[in-house]
Amino acid sequence: MYDKLTGLMTPFHFYESAERVKSWANRKGQALALIAIRLPEVSDDVLVDSARKLNSELRGGDLLAKMGERTFVLLLLGDIEGAGHLIFRLANTIKPKLDFSSTSFSEDETLVEALNRLGV
(Lines give C-alpha, C1' and ligand atoms only; values in the text may rest on other atoms or scores of the structure.)
Protein backbone atom coordinates (compact mmCIF):
# COMPACT_ATOMS: atom_id res chain seq x y z
CA MET A 1 0.00 0.00 0.00
CA TYR A 2 2.95 2.32 0.64
CA ASP A 3 6.18 2.78 -1.28
CA LYS A 4 9.08 1.27 0.67
CA LEU A 5 11.49 4.09 -0.13
CA THR A 6 9.34 7.21 0.35
CA GLY A 7 6.47 5.97 2.50
CA LEU A 8 4.00 7.52 0.05
CA MET A 9 0.96 5.73 -1.36
CA THR A 10 1.50 3.27 -4.17
CA PRO A 11 -0.49 3.82 -7.39
CA PHE A 12 -2.97 1.08 -6.51
CA HIS A 13 -3.70 2.54 -3.07
CA PHE A 14 -3.89 6.04 -4.57
CA TYR A 15 -6.49 4.99 -7.17
CA GLU A 16 -8.60 3.28 -4.52
CA SER A 17 -8.41 6.21 -2.08
CA ALA A 18 -8.90 8.84 -4.81
CA GLU A 19 -12.18 7.22 -5.86
CA ARG A 20 -13.48 7.56 -2.29
CA VAL A 21 -12.34 11.20 -2.08
CA LYS A 22 -13.89 11.95 -5.48
CA SER A 23 -17.19 10.40 -4.43
CA TRP A 24 -17.21 12.46 -1.23
CA ALA A 25 -16.28 15.66 -3.12
CA ASN A 26 -19.05 15.09 -5.67
CA ARG A 27 -21.64 14.66 -2.90
CA LYS A 28 -20.44 17.82 -1.12
CA GLY A 29 -19.96 19.91 -4.27
CA GLN A 30 -16.25 20.26 -3.44
CA ALA A 31 -13.77 20.94 -6.24
CA LEU A 32 -10.77 18.67 -6.79
CA ALA A 33 -7.48 19.32 -8.53
CA LEU A 34 -4.61 17.05 -9.51
CA ILE A 35 -0.96 18.06 -9.41
CA ALA A 36 1.78 16.05 -11.11
CA ILE A 37 5.19 16.57 -9.56
CA ARG A 38 8.31 15.48 -11.42
CA LEU A 39 11.75 15.44 -9.87
CA PRO A 40 14.99 15.70 -11.79
CA GLU A 41 17.44 12.82 -11.57
CA VAL A 42 18.36 12.85 -7.87
CA SER A 43 19.77 10.51 -5.26
CA ASP A 44 17.45 8.38 -3.15
CA ASP A 45 18.20 10.59 -0.15
CA VAL A 46 17.00 13.70 -1.99
CA LEU A 47 13.96 11.80 -3.28
CA VAL A 48 13.01 10.75 0.26
CA ASP A 49 13.60 14.27 1.61
CA SER A 50 11.44 15.77 -1.17
CA ALA A 51 8.66 13.25 -0.45
CA ARG A 52 8.80 14.09 3.26
CA LYS A 53 8.60 17.84 2.57
CA LEU A 54 5.72 17.36 0.12
CA ASN A 55 3.86 15.22 2.63
CA SER A 56 4.30 17.84 5.36
CA GLU A 57 2.45 20.41 3.23
CA LEU A 58 -0.72 18.30 2.86
CA ARG A 59 -4.01 19.11 4.50
CA GLY A 60 -6.58 16.58 5.69
CA GLY A 61 -8.14 14.85 2.71
CA ASP A 62 -5.28 15.52 0.29
CA LEU A 63 -3.63 12.41 -1.18
CA LEU A 64 0.00 12.08 -2.27
CA ALA A 65 1.37 9.06 -4.14
CA LYS A 66 4.56 7.97 -5.83
CA MET A 67 3.40 7.07 -9.34
CA GLY A 68 6.75 6.46 -11.01
CA GLU A 69 10.44 6.47 -10.24
CA ARG A 70 10.58 10.29 -10.11
CA THR A 71 6.88 11.21 -10.38
CA PHE A 72 4.46 12.04 -7.59
CA VAL A 73 0.77 12.89 -7.87
CA LEU A 74 -1.22 14.97 -5.43
CA LEU A 75 -5.03 14.95 -5.30
CA LEU A 76 -6.01 18.22 -3.71
CA LEU A 77 -9.29 19.21 -2.13
CA GLY A 78 -9.72 22.55 -3.86
CA ASP A 79 -9.87 24.18 -7.24
CA ILE A 80 -7.18 24.91 -9.80
CA GLU A 81 -6.47 28.28 -8.15
CA GLY A 82 -5.78 26.53 -4.85
CA ALA A 83 -3.50 24.12 -6.70
CA GLY A 84 -1.58 27.11 -8.08
CA HIS A 85 -1.09 28.52 -4.58
CA LEU A 86 0.14 25.17 -3.30
CA ILE A 87 2.52 24.78 -6.25
CA PHE A 88 3.95 28.24 -5.54
CA ARG A 89 4.50 27.37 -1.89
CA LEU A 90 6.05 23.98 -2.72
CA ALA A 91 8.32 25.43 -5.41
CA ASN A 92 9.72 27.88 -2.87
CA THR A 93 10.08 25.29 -0.10
CA ILE A 94 11.50 22.20 -1.77
CA LYS A 95 14.87 21.90 -3.41
CA PRO A 96 15.83 20.62 -5.98
CA LYS A 97 13.69 22.43 -8.50
CA LEU A 98 10.58 20.37 -9.18
CA ASP A 99 8.45 20.39 -12.32
CA PHE A 100 4.75 20.88 -11.58
CA SER A 101 1.65 20.62 -13.75
CA SER A 102 -1.94 20.78 -12.56
CA THR A 103 -5.46 20.31 -13.79
CA SER A 104 -8.97 20.44 -12.43
CA PHE A 105 -10.71 17.12 -11.94
CA SER A 106 -14.32 17.23 -13.09
CA GLU A 107 -17.19 15.18 -11.70
CA ASP A 108 -17.81 13.30 -14.96
CA GLU A 109 -14.13 12.48 -15.56
CA THR A 110 -12.29 9.36 -14.46
CA LEU A 111 -9.07 9.57 -12.52
CA VAL A 112 -7.22 7.86 -15.36
CA GLU A 113 -8.47 10.47 -17.86
CA ALA A 114 -7.32 13.33 -15.63
CA LEU A 115 -3.92 11.72 -15.03
CA ASN A 116 -3.50 11.18 -18.78
CA ARG A 117 -4.03 14.91 -19.34
CA LEU A 118 -1.15 15.49 -16.93
CA GLY A 119 1.01 12.98 -18.75
CA VAL A 120 1.17 10.56 -15.79
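## Arginine 59 and aspartate 62

In this predicted model, arginine 59 is partly exposed, with a relative accessibility of 47%. Its salt-bridge partner is aspartate 62, and the closest N and O atoms of the two lie 3.3 Å apart. Aspartate 62 has a relative accessibility of 8% and therefore counts as buried, since the limit for that class is under 20%.

## Further salt bridges

Side chains of opposite charge can pair when their charged atoms come close. The whole structure contains eight salt bridges. One of them joins arginine 117 to glutamate 109, with 2.8 Å between the closest N and O atoms. Here arginine 117 is partly exposed at 47% relative accessible area, whereas glutamate 109 is buried at 10%.

Another salt bridge links arginine 20 with glutamate 16, the closest N and O atoms being 3.9 Å apart. Both residues belong to helix H1 (residues 11–28); because they are four residues apart there, about one helical turn separates them. Arginine 20 is exposed, with 51% relative accessibility, while glutamate 16 is partly exposed, with 37%.

## The aromatic pair

The count of aromatic pairs is one. This pair consists of phenylalanine 14 and tyrosine 15, whose ring centres are 6.3 Å apart. The angle between the planes is 65°, so the arrangement is edge-to-face, a class that requires over 60 degrees. Phenylalanine 14 is buried, its relative accessible area being 0%. Tyrosine 15, by contrast, is partly exposed at 32%.

Terms used:
Residues are numbered from 1 along each chain as its sequence is written. This is a predicted model: local features need pLDDT of at least 70, side-chain atom pairs count only at pLDDT 80 or more; totals for chains, interfaces and linings use all residues. Side-chain values use heavy atoms; hydrogens and water are left out. Rings of Phe, Tyr and Trp (its six-membered ring) pair if their centres lie within 6.5 Å; planes under 30 degrees apart count as stacked, over 60 as edge-to-face and the rest as tilted. Buried means under 20% relative accessible area, exposed over 50%, partly exposed in between (1.4 Å probe, protein chains only). A salt bridge is a side-chain nitrogen of Lys or Arg within 4 Å of a carboxyl oxygen of Asp or Glu. Helices (H or I, at least four residues) and strands (E, at least two) are DSSP runs, numbered from the N terminus.
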